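Colleague: Hi! Could you walk me through this one? I'd like to start with pockets.

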Amino acid sequence: MENRLGNLEEMVLLMLILVKEEAYGVSVREAYLKHLNQDISLSAIHTVLRRLEKKGFITSEMGGSTQDRGGRRKRLYTVTKHGLRTLATLQAERDRIWGLLPKLDI
């Protein structure tokens, strides 16, 4: 399993945690727009989700079909323990570095 996350991968992983249940491409995109106030294409979200799964940060399974989706099923995503540990390590590293910086005068 890989431990490195790109910035976009990190943000998508965080959005998965915020969405919690029923985390799938569209809900992750909506969370991204809401919490980061930035738009991102659904295809970009799906690309990142596939990459995160390949790296072992998330798992996925097919949900049940619904009338709302014309009988189509959603691919639902869950963050793995490896993904959670990696995010915690990233946060600790960033907090440590920010603690070394002088107060920024903005």
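Modeller: On a 1 Å grid over the protein atoms alone, a pocket is an open set of points where a 1.4 Å probe fits, with protein on both sides within 12 Å along at least five of seven lines, and lining residues have an atom within 4 Å of a point. This is a predicted model, where local features need pLDDT of at least 70 and side-chain atom pairs 80 or more, while totals for chains, interfaces and linings use all residues. Residues are numbered from 1 along each chain as its sequence is written, and side-chain values use heavy atoms, leaving out hydrogens and water.

Colleague: Which residues line the largest pocket?

Modeller: The lining is made of L16, I17, K20, E21, E22, A23, E61, L76, Y77, T78, V79 and L84.

Colleague: And which element gives the most to that lining?

Modeller: Strand β2, with 4 residues. Both α1 and β2 give two or more. Helices (H or I, at least four residues) and strands (E, at least two) are DSSP runs, numbered from the N terminus.

Colleague: New topic: where is H35?

Modeller: H35 sits in helix α2.

Colleague: Why does H35 count as partly exposed?

Modeller: Because its relative accessibility is 43%, and partly exposed lies between buried (under 20%) and exposed (over 50%), with a 1.4 Å probe and protein chains only.

Colleague: What is H35 in contact with?

Modeller: Beyond neighbours within four places in sequence, H35 contacts M15 and L18, where contact means heavy atoms within 4.5 Å. H35 and M15 are 20 residues apart in sequence and 8.3 Å apart, C-alpha to C-alpha.
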